[in-house]
Amino acid sequence: MDSIDKLLAELQTEYKEVKPQQQQSKSAAAKSFIPASPKSASFMDNLLAEVKAGFAEEDAAIELKRQQELEQERIRQEQLKAKQLETLKLQAKQWLAKVDPLSSEGLWFERFAESYPSKLEAAIEYLRNNEENNS
């Protein structure tokens, strides 16, 4: 945005500065394009302000779009995590149904599950850890 401000300031300075040499060499028609009156200067100021506001508006629109894209990605990630958790819950229920409570794994799991609110949550954590270790 600073480069735009500098460019606008340069343009404004160009139009406000009237060099005496150029005035003498230009025709009367060309002189009418040089902003010499305060009205012309305020017109240029307004024009430059409009251009600057246009760029600021465009920047704001780009930022809003970026924020919306980030929010959509965050929602997509949350949905993916929820889907993975549901899959893991299903696997944990199947594992709990298959595990023999009197086997060494079943006895170990009983002790492991004591620190969890439910056996299902313990099984989810157990399977999650096994999945991470096998990856």
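## The second largest pocket

By class, 2 nonpolar, 3 polar and 5 charged residues form the lining of the second largest pocket, where Ala, Val, Leu, Ile, Met, Phe, Trp, Tyr, Cys and Pro count as nonpolar, Asp, Glu, Lys and Arg as charged, and the others, Gly among them, as polar. This is a predicted model, in which local features need pLDDT of at least 70 and side-chain atom pairs count only at pLDDT 80 or more, while totals for chains, interfaces and linings use all residues. Residues are numbered from 1 along each chain as its sequence is written, and side-chain values use heavy atoms, with hydrogens and water left out.

The residues that line this pocket are Lys81, Lys83, Gln84, Leu85, Thr87, Leu88, Gln91, Arg128, Glu131 and Glu132. Two or more residues of the lining are given by each of α4 (38-98) and α6 (119-134), and α4 gives the most, with 7 residues. The volume of the second largest pocket is about 180 Å³. A pocket is here an open set of points on a 1 Å grid over the protein atoms alone, where a 1.4 Å probe fits, with protein on both sides within 12 Å along at least five of seven lines, and lining residues have an atom within 4 Å of a point; grid points are joined across faces, edges and corners, and the volume is the space filled by probe spheres set on the points.

## Overall fold

The protein chain has 6 helices and 0 strands, with helices (H or I, at least four residues) and strands (E, at least two) taken as DSSP runs and numbered from the N terminus. Of the 135 residues in the protein chain, 14% are buried, where buried means under 20% relative accessible area, exposed over 50% and partly exposed in between, with a 1.4 Å probe and protein chains only. Among contacts (heavy atoms within 4.5 Å) with a separation of 6 or more, 57% are between residues 24 or more positions apart.

## Nonpolar core and aromatic cluster

The largest nonpolar core holds 12 residues, including Leu88, Trp95, Phe109, Phe112, Tyr126 and Leu127; such a core is a set of buried Ala, Val, Leu, Ile, Met, Phe, Trp, Tyr and Cys residues joined through side-chain atoms within 4.5 Å. Two or more residues come from each of α4, α5 and α6, and α6 contributes the largest share, 5 residues.

There are 8 aromatic pairs in the structure, a pair being rings of Phe, Tyr and Trp (its six-membered ring) with centres within 6.5 Å, stacked if the planes are under 30 degrees apart, edge-to-face if over 60 and tilted otherwise. Trp108 and Phe112 are stacked, at 5.0 Å centre to centre and 15 degrees between the planes, and both belong to helix α5 (residues 104-113), where they stand 4 residues apart, about one turn of the helix. Trp108 is partly exposed, with a relative accessible area of 42%. Ring pairs link Trp95, Trp108, Phe109, Phe112, Tyr116 and Tyr126 into a cluster, and Tyr126, leaving aside neighbours within four places in sequence, is in contact with Trp95, Glu105, Trp108, Phe109 and Phe112.

## Leu120

Leu120 lies in helix α6 and is partly exposed, with a relative accessible area of 25%. Not counting residues up to four places away in sequence, Leu120 touches Lys89, Ala92, Lys93 and Leu96, and the C-alpha atoms of Leu120 and Leu96, 24 residues apart along the chain, are separated by 7.7 Å.
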